[in-house]
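Please look at the sequence and the structure below, and then follow the paragraphs slowly, one residue and one element after another.

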Amino acid sequence: PSSTPVIAIDGPSASGKGTVAARIAAALGFHYLDSGALYRLTALAAIHRGVDFKSQQEVASIAATLNASFLEGMILLDDEDATETIRSEAIGEGASQVATHPLVRQALLQRQRDFQRDPGLVADGRDMGSVVFPNAVLKVFLTASPAERANRRHKQLIAKGESAILTDILQDIEQRDARDRARTVAPLQILPDAKLLDTTQMGIDCAVRQVLNWYAEII
Ligand code: CDP
Ligand code: CDP
């Protein structure tokens, strides 16, 4: 129902949105929407079917019929475990390309809104506060310097045993952010009614506490 509270957390790549949003959802007992995963799954499904990211119509029909399930800590695409596959930088890049198409965004809109269920929802992405949940009770713009975000992503990849070059990651992140900010539909932006949280020098616990404090102030 539309009276169900939504906390929208938007921001650039590797700012900590997913980590912070999932922690807040757990603390409040709310549902959690990782909207970026839907764009990542669309890119992965397009690759599987040999569809060019630039073919808006075809990619939009893939998005509209996406057979994805979000289970506890696991994401399935056509019953295949895609949890790790969609986290690669290549899929992140593909996601940001398919995300520029208005028809793709339209195809994913209702699916995202369906996550708004009692007792509440924490949603992270780029346009949670602007397009998908404009009536969110709390909108947070979570960010950190590009260098710090590249460091975080680098550490994350190394911890998973993947090879990663810091300067390449920084370049990928800056390129993806620029595309997300420049696109005409649902660009990444700091909304006038959003609370800005710069975590360049802030740990996860502190960021979570700040958002929970803001939420406590409005309920
Ligand atoms: O979802 P998003 O791409 O914005 O970021 P994430 O995957 O939640 O976070 C990227 C990495 O940064 C994770 O390994 C987090 O644990 C880490 N992180 C951090 O070190 N300090 C923060 N304040 C927030 C996240
Ligand atoms: O974890 P990270 O922040 O790097 O990426 P993500 O949140 O999984 O999103 C991957 C890409 O999907 C982004 O670069 C955006 O282009 C796109 N996206 C979007 O356009 N709108 C959203 N609500 C979420 C993601």
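Gly18 has a relative accessible area of 28% and therefore counts as partly exposed, a class that lies between buried, under 20%, and exposed, over 50%, as found with a 1.4 Å probe on protein chains only. This glycine lies in helix α1, where helices are DSSP runs of H or I with at least four residues, numbered from the N terminus. Leaving aside neighbours within four places in sequence, Gly18 is in contact with Tyr32 and Asp124, contact meaning heavy atoms within 4.5 Å.

The model is predicted, and local features need a pLDDT of at least 70, while side-chain atom pairs count only at pLDDT 80 or more. Residues are numbered from 1 along each chain as its sequence is written, and side-chain values use heavy atoms, without hydrogens and water.

Not counting residues up to four places away in sequence, Lys17 touches several residues, including Ile9, Asp10, Asp124 and Leu142.

Elsewhere, helix α3 (residues 56-64) and helix α5 (residues 102-113) pack at an angle of about 10°, with their axes 8 Å apart. That angle makes α3 roughly parallel to α5, because angles under 35 degrees count as roughly parallel.

Note on methods:
Chains are lettered from A and ligands numbered from 1 in the order in which they are written. Axes are lines fitted to C-alpha atoms, for helices over the stretch in contact, and angles run from 0 to 180 degrees between N-to-C directions. Helices (H or I, at least four residues) and strands (E, at least two) are DSSP runs, numbered from the N terminus. Angles under 35 degrees count as roughly parallel, over 145 as roughly antiparallel, 65 to 115 as roughly perpendicular and the rest as oblique.
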